[in-house]
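Me: I am new to this structure and would like to go through it step by step. Could we begin once it is on screen?
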Amino acid sequence: MIPALETRALRKAFDRPAVEGLDLTVRPGEFYTLLGPNGAGKTTTLRMVAGLLAPDSGSISIFGVDALADPVAAKRMTAWLSDEPMIYDKLSPLEYLAFVAGLWGVDAGHAEMRATELLDWLGLAPHAHERCEGFSRGMKQKVALAGALVHEPRLIVLDEPLTGLDARSARLVKDVLIARVAGGATVVMTTHILEVAERMAERIGVIAQGRLIAEGTLEDLRARSGRRDSTLEDVFLALTAEEPATA
Amino acid sequence: MMRAGSIAWIAGHELRLAWRDFVSMATGGRRRRTAVAVLLVAIFIAFMHWLADLTVGGHADAVPDRQTLTIVTGAVVLSWSLMLSQALEQVTRAFYQRADLDLILSSPLPARRLFTVRIAAIAGTTMAMALFLIAPFVNVLAWHGGPRWLSAYGVVFALGASATAVAVALTDSLFRWVGPRRTRYAAQVLAAVTGAVFVIGIQAAAIVSYGSPARFDLLQSEAVAALAPAVESAFWWPARAVLGEGSPLAAVLALGCALFVAAIAFFSTRFARHARATAGAPSTLRARQGRAAAFGRSTPGTVLRRKEWMLLRRDPWLMSQSLMQVLYLIPPALLLWRNFGEGSDMPVFVAPVLVVTAGQLAGGLAWLAVSGEDAPDLIGSAPVTARSVLRAKVEATMAAIVCLFAPFLLALAFGSLWIALVAAAGIVAAALSAIQIQLWFRLQARRTHFRRRHTSSRVATFAEALSSFSWAGAAGLAAAGSPLAPAGALVALAVLLGTGVLRPVAVRRRQAPVAPTPSQLSPA
């Protein structure tokens, strides 16, 4: 089976190494969560996967496509959503989604239908024609999420997508992601909310100092940490405590 | 020791922040550049004194006759309009830039005190900026003509105080007329236009009346002299104050101070109310029907181009800022119209004016399209090659330039096909050079930082201006039929190549990723 995402010996350094020889394999249709302390290299990893950052060395493959050799083909199957919703204030949500669909080459008629459906689903239908400049952070994040989904990506890469969302919005986003996974999409997500990872992720990767230090289901991680009945929080703290503190 | 919460204490706090902001702007945020920045300022001041000596050094013995009073009054009105423009911009920023406002307004400190200090700070900044340009002229005149000219400093003080008072009153009126949502745009567009309207207006009047773009021709004309009031009139008091007369100086100072104190007394409390209103009210223009179809069935390149034009069109402030240069096309347009109507020779200098304007405008638009991308992650993660994205952005910029300058070129072609061709070639060359410089020195920033884009790279700013002027020089020489025109073009190319040589150093230092994280977005 071709993995949805595969990284091999991935490296990236800024002033200091951020990602060091990361090997990661995510299966198609999987909900994979990447955990790690601040500065562990999670965002850098995901930005490299999304084609936003060039790695120093290593390889990235998305559904068998070499993302470094053929970034356009890889990006066509991928969506990226960061914790900071960066959208165009002067566009309405509907226009923003039409723009994103245009970038991904989605048929305009189909895109409009998808956009309307997504906005409705995310509770943004009443604001579909308003410019985004007056939107709250949560509303902007939902517009950005709709943008990530409008082109029906096979791999959805999300960096802390629940940051700044209220409980209802967070639940909505979680439901949307679960529905996408049920529909066959693959989700790779970082989060600091361990309860979310515990409840949603099929497999969890723990990253520290740019390396994958543990990976598996919650049960696997419990076994690895030697804490059979612990919460993910306890397991995470135990696993990351073994690593020297990061800056 | 100052009492916490007192006006002096707030003033100290504001002064410290303003000083740090100024140092950051001057040094581009790099402390090691302080010595270079000080040296550059010293060179600029020396240059301004030399320029002042060259232009006004021989007029230090001027007496208050009608012609002198007219010219000095023109200079006073010009200075005041520029100060008003700057004050308006600052007042708007004081309302809308939240920064520490939420913190201070939520504290038990009386808001009136804060805004008293802020209005005073606006006046102080306005005066300081004006003095930076005016002081060399005053110093030179005082050097040659005696200390009487130092009274001009008093006039600058009065002008700064009154400009601030009027700016505060105007913004307050806008709040009441158009509401907090639209005031920001209205005031900023007003500020942009106010700064240029007097200069352009007087030049346009000179062209229409005399066929000459020289502003002083109009001020020195018999028609203006005939319209001007008698020498004894109070109308001339500001000019007389500049020339060193005591009573007019006292009157001008008293009026400036009175307006300023009244502005503080009336508006400092209302400022707090308005500031709260801007925090509560969205800056959005609601419920305007967005057309998703605007992006239609298009290629990614077309979608990107349309997006650039749409964002620019929908932002009146950015539009006013970037199209400010277009206002300077009014004089050459009038000159074209006048000469075309009279069938006389087409003035050669129209071509370089068009070229330099195109270069500057293209630089601003390219900055917005390339560096001012608000969703770099989205564009970076889209299945479009970086080359296609850049090409679309360059095309968007060039298309705007072509649309804007085509009517001028067409009008020019009716008068002189040669000059029109030269101007067209110069416009394309200057615009492409400016875009290339922006591509070389791009540094992701927010569009709202458009006004401060020059602080991110001094080299790019200088190169952009030098390139535009070089191409303008080449176009001027070619339009005049000079054999030196190819040499001019070579100089312009050399400027571009020289800038290209400097580029790798800047890029290497930044280690710019394909697209920055939000936190990497430059504040400048």
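Me: In what order do the six strands of the open sheet in chain A run, and what is the pairing?
Reply: The order is 6-7-8-3-9-10 in chain A, and the pairing is mixed. Strand 6 (78-81) and strand 10 of chain A are the edge strands, each pairing on one side only. Direction ignored, neighbouring strands of this sheet are turned by 15 degrees against each other on average.

Me: Before we go on, what kind of model is this, and how are residues and chains labelled?
Reply: This is a predicted model, in which local features need pLDDT of at least 70, side-chain atom pairs count only at pLDDT 80 or more, and totals for chains, interfaces and linings use all residues. Residues are numbered from 1 along each chain as its sequence is written, while chains are lettered from A and ligands numbered from 1 in the order in which they are written.

Me: And what counts as a strand, a helix or a pair of strands?
Reply: Helices (H or I, at least four residues) and strands (E, at least two) are DSSP runs, numbered from the N terminus. Two strands pair if DSSP finds at least two bridges between them.

Me: How do strands of a sheet pair in general?
Reply: They pair through backbone hydrogen bonds, either parallel or antiparallel.

Me: Back to the sheet: how many bridges join strand 3 of chain A to strand 8 of chain A?
Reply: Strand 3 and strand 8 (residues 186-190) of chain A pair in the parallel sense over four bridges. In strand 8 of chain A, Y32(A) has V188(A) as its bridge partner. Helix 9 (residues 232-241) of chain A packs on this sheet and touches strand 3, strand 9 and strand 10 of chain A. The direction of helix 9 makes about 35 degrees with that of strand 9 of chain A.

Me: Is strand 9 of chain A largely enclosed or open?
Reply: Five of the six residues of strand 9 (residues 203-208) of chain A are buried, so this strand is largely enclosed by the rest of the structure. A residue is buried if 20 or more other C-beta atoms lie within 10 Å of its own, exposed if 12 or fewer, and partly exposed in between, with C-beta atoms placed from the backbone.

Me: Which strands does strand 9 of chain A pair with?
Reply: Strand 3 (residues 31-35) of chain A pairs with strand 9 in the parallel sense over four bridges, and L34(A) has G205(A) as its partner there. Strand 10 (residues 211-216) of chain A pairs with strand 9 in the antiparallel sense over five bridges, with I207(A) opposite L212(A). The hairpin of strands 9 and 10 of chain A has two residues between the strands, and Q209(A) takes a positive phi near 50 degrees.

Me: What about the four strands in chain A that form an open sheet?
Reply: Their order is 2-1-4-5, and the pairing is antiparallel. Strand 2 (17-26) and strand 5 (65-66) of chain A are the edge strands. Strand 1 (residues 5-13) of chain A is joined to strand 2 by seven bridges, and A13(A) stands opposite P17(A). Helix 1 (residues 42-49) of chain A packs on the sheet, touching strand 1, strand 2 and strand 4 (57-62) of chain A.

Me: Changing topic, how many helices and strands does chain B have?
Reply: Chain B comes to 20 helices and zero strands. Buried residues make up 41% of its 524 residues.

Me: How do helix 17 and helix 18 of chain B cross?
Reply: The axes of helix 17 (residues 386-415) and helix 18 (residues 417-440) of chain B come within 10 Å and cross at roughly 160 degrees. Axes are lines fitted to C-alpha atoms, for helices over the stretch in contact, and angles run from 0 to 180 degrees between N-to-C directions. Helix 17 and helix 18 of chain B are therefore roughly antiparallel to each other (angles under 35 degrees count as roughly parallel, over 145 as roughly antiparallel, 65 to 115 as roughly perpendicular and the rest as oblique).

Me: Which residues of these two helices of chain B meet?
Reply: Among them are L390(B), V394(B) and F405(B) in helix 17 of chain B, and A420(B), I427(B) and L439(B) in helix 18 of chain B. Two residues are in contact if their C-beta atoms, placed from the backbone, lie within 7 Å.
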